[in-house]
Amino acid sequence: MKAPLHFQDTTDRLVVRSPYTLARGLHCEMPGQQKTNYEIRPGLARDAEDVRLLAKDLTTAFPFNHHAFRRSYSSVLENPSATLLVAGRETRVIGYLLGYGHSTSWAGANVSWVEELFVNGPQRGHGIGRALMSAVESQARNAGGRLVCLITRRATESYRAIGYEELAVYLRKTL
Ligand SMILES: CC(C)(COP(=O)(O)OP(=O)(O)OC[C@H]1O[C@@H](n2cnc3c(N)ncnc32)[C@H](O)[C@@H]1OP(=O)(O)O)[C@@H](O)C(=O)NCCC(=O)NCCS
């Protein structure tokens, strides 16, 4: 069982008292549309199909492998170092975040990496990405974490807008 998540988003609109029992969903009014409610909560086995439909559009570097996704999703749910959060509206998932936390000697504390963040196209620009990031930051802070890190190519400006700074160079070797 993962540690309870105590989350208050930066706009004070949402208080999540536990990842399993949300006090209430984040109330978000989208201009020109009906009132929209969603909540940030841990991803569950039943969210797999919704998350898959979002995840398949995240990667541009590698072809999406549906079998690998299903294997990976199951292992994420069982991995105590993994954090899978979803933005849920009614029965549908409209955004998700996958991150991992681990201890480090160089930072002298836990460091969390956000590996995947995706918000469904029509729902972008309404604070859902920010709410997912705030949730993982709160969880990391409560677990004694010092840093939240990520790599991005397409969303640098979005991350800057929520307080992230550019540092270092990302190197990789494709195997
Ligand atoms: C990046 C992404 C997750 C942001 O989600 P979102 O719900 O649209 O973001 P939010 O509405 O919470 O916006 C957060 C901040 O980023 C800013 N922002 C969002 N999109 C932006 C853009 N295209 N350019 C500049 N700033 C942007 C917003 O203005 C907001 O700042 P503000 O509150 O000061 O106005 C979403 O656009 C997405 O899924 N993109 C495709 C996948 C992707 O690139 N993921 C990141 C891979 S690491």
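## Aromatic cluster

Phenylalanine 69 and tyrosine 73 lie four residues apart in helix 2 (residues 66-78), so about one helical turn separates them. Helices here are DSSP runs of H or I with at least four residues, strands are runs of E with at least two, and both are numbered from the N terminus. The model is predicted: local features need pLDDT of at least 70, side-chain atom pairs count only at pLDDT 80 or more, and totals for chains, interfaces and linings use all residues. Residues are numbered from 1 along each chain as its sequence is written, and side-chain values use heavy atoms, with hydrogens and water left out.

The whole structure holds three aromatic pairs. In one of them, phenylalanine 64 and phenylalanine 69 have ring centres 5.9 Å apart and planes at 40 degrees, so this pair is tilted. The pair of phenylalanine 69 and tyrosine 73 is also tilted, at 5.6 Å centre to centre and 40 degrees between the planes. (Rings of Phe, Tyr and Trp, the last by its six-membered ring, pair if their centres lie within 6.5 Å; planes under 30 degrees apart are stacked, over 60 edge-to-face, the rest tilted.) Ring pairs thus link Phe64, Phe69 and Tyr73 into a cluster. Tyrosine 73 is buried at 6% relative accessible area. Phenylalanine 69 is buried too, at 11%, while phenylalanine 64 is partly exposed at 25%. Buried means under 20% relative accessible area, exposed over 50%, and partly exposed in between, with a 1.4 Å probe and protein chains only.

## Overall layout

The protein has four helices and eight strands. From the N terminus, the elements run β-β-β-β-α-α-β-β-β-α-β-α. Of its 175 residues, 39% count as buried.

## Strands 5, 6 and 7

Strand 5 (residues 82-89) and strand 6 (residues 92-103) run antiparallel and are joined by eight bridges. Two strands pair if DSSP finds at least two bridges between them. Strand 6 also runs antiparallel to strand 7 (residues 110-119), with nine bridges between them. Glycine 99 ties into both neighbours. It is the strand 6 partner of threonine 83, and its own partner in strand 7 is valine 114.

Glutamate 90 is not a glycine, and it is exposed at 80% relative accessibility. Six residues separate strand 6 from strand 7, where glycine 108 in the turn has a positive phi of about 65 degrees. Most residues other than glycine have a negative phi. Alanine 168 is another non-glycine residue with a positive phi, about 70 degrees. Alanine 168 lies in the segment after helix 4 and is exposed at 75%.

Glycine 88 belongs to strand 5 and is buried at 6%. Glycine 88 and proline 42 are 46 residues apart in sequence and 9.6 Å apart in space, C-alpha to C-alpha.

## Salt bridges

The protein has eight salt bridges. A salt bridge is a side-chain nitrogen of Lys or Arg within 4 Å of a carboxyl oxygen of Asp or Glu. In helix 1 (residues 48-55), arginine 52 and glutamate 49 are three residues apart, so about one helical turn separates them. Their closest N and O atoms are 2.6 Å apart. Arginine 52 is buried at 11%, and glutamate 49 is partly exposed at 37%.

Aspartate 50 bridges to arginine 92, with the closest N and O atoms 2.8 Å apart. This pair links distant parts of the chain, since aspartate 50 sits in helix 1 and arginine 92 in strand 6, 42 residues away. Aspartate 50 is buried at 11%, whereas arginine 92 is partly exposed at 46%. Elsewhere, salt bridges that share partners join Glu39, Arg41, Arg46 and Asp47 into one network. The side chains of aspartate 47 and arginine 41 meet at 2.8 Å, N to O. Aspartate 47 is buried at 2%, and arginine 41 is buried at 10%.

## Other side-chain features

The charged end of arginine 124 sits over the ring of phenylalanine 118, 4.9 Å from its centre. (This needs NZ of Lys or CZ of Arg within 6 Å of the ring centre and within 35 degrees of the ring normal.)

On the surface, Trp113, Ile151 and Tyr170 form a nonpolar patch with about 310 Å² of accessible area together. Accessible areas come from the Shrake-Rupley method with a 1.4 Å probe; for residues, only the protein chains shown count as cover. Patches use residues with over 30% relative accessible area and no salt bridge; like charges are joined within 9 Å, nonpolar side chains (Val, Leu, Ile, Met, Phe, Trp, Tyr) within 5 Å. Tyrosine 170 lies in the segment after helix 4 (156-161).
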